[in-house]
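Trainee: I would like a close look at a single part of this model. Please take it step by step.

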Amino acid sequence: MRMQFGCYMNIVHTSFHIISNAFEEDFHKFNGRMEQRQPCDIPQKWQAILNLVFAIGAQYLHLTQTSSQADERGHLMYMTRAVRILGLDKAPIFLSAPDLPLIQACYMS
């Protein structure tokens, strides 16, 4: 997960600032707690955005073949997780994959 996150932050985020700078700090705190097996109370919106970041990073790593761990379907796992976290898999019809504005709209109400 660190590799995907780092890839996203170093490649995508430098050109397209779609997440806040505090998000990276939050990720490092979250990752540290997970490594120490400490419980975390994480908002679903944040989890979904994190999984979308992982999906983008995983796809980039696969397309550039910069990692031996890059699975051609790795991004689908993270995308599916984001969709399930938001409950979007229960929607009757989805014409396109959820994106950041859709995720934010789901939790604005």
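Trainee: Which residues of α3 are buried?

Mentor: Keep in mind that this is a predicted model. The buried residues of α3 are W46, A48, I49, L50, N51, L52, V53, F54, A55, G57, A58 and L61.

α3 covers residues 44-64. It has 21 residues and reaches 30 Å from its first C-alpha to its last, close to the 30 Å expected at 1.5 Å a residue. Q65 follows α3, and its phi is positive, near 50°.

Now the setting. The protein chain holds five helices and zero strands. Of its 109 residues, 35% count as buried. Among contacts with a separation of 6 or more, 55% join residues 24 or more positions apart.

Next, the core. Nonpolar side chains tend to be buried together in soluble globular proteins. Here the largest nonpolar core has 26 residues. Those with the most contacts inside it are F5, I19, F23, F27, W46, L50 and V53. α1 (2-12), α2 (21-35), α3 (44-64) and α4 (74-86) each supply at least two residues of this core. α3 gives the most, with nine residues. The core also draws at least three residues from each of domain 1 (1-70) and domain 2 (73-108).

Take V53 in detail. Leaving out residues up to four places away in sequence, V53 touches Q4, F5, Y8, I19 and F23.

Then the rings. The model has six aromatic pairs. The ring centres of F5 and F23 are 6.4 Å apart and their planes lie at 20°, so this pair is stacked. F5 lies in helix α1 and F23 in helix α2, so the pair ties together parts that are 18 residues apart in sequence.

The rings of F30 and W46 have centres 5.4 Å apart and planes at 65°, so the pair is edge-to-face. F30 sits in helix α2 and W46 in helix α3, and the pair links distant parts of the chain, 16 residues apart. Why does F30 count as buried? Its relative accessibility is 14%, and buried means under 20%. W46 is buried too, with a relative accessible area of 14%.

F5, F23, F27, F30, W46, F54 and Y78 form one aromatic cluster. W46 and F54 in that cluster are also among the buried residues of α3.

Key:
Residues are numbered from 1 along each chain as its sequence is written. This is a predicted model: local features need pLDDT of at least 70, side-chain atom pairs count only at pLDDT 80 or more; totals for chains, interfaces and linings use all residues. Side-chain values use heavy atoms; hydrogens and water are left out. A nonpolar core is a set of buried Ala, Val, Leu, Ile, Met, Phe, Trp, Tyr and Cys residues joined through side-chain atoms within 4.5 Å. Buried means under 20% relative accessible area, exposed over 50%, partly exposed in between (1.4 Å probe, protein chains only). Helices (H or I, at least four residues) and strands (E, at least two) are DSSP runs, numbered from the N terminus. Domain bounds come from an automatic or database domain assignment. Contact means heavy atoms within 4.5 Å. The expected span of a helix is 1.5 Å times one less than its number of residues. Rings of Phe, Tyr and Trp (its six-membered ring) pair if their centres lie within 6.5 Å; planes under 30 degrees apart count as stacked, over 60 as edge-to-face and the rest as tilted.
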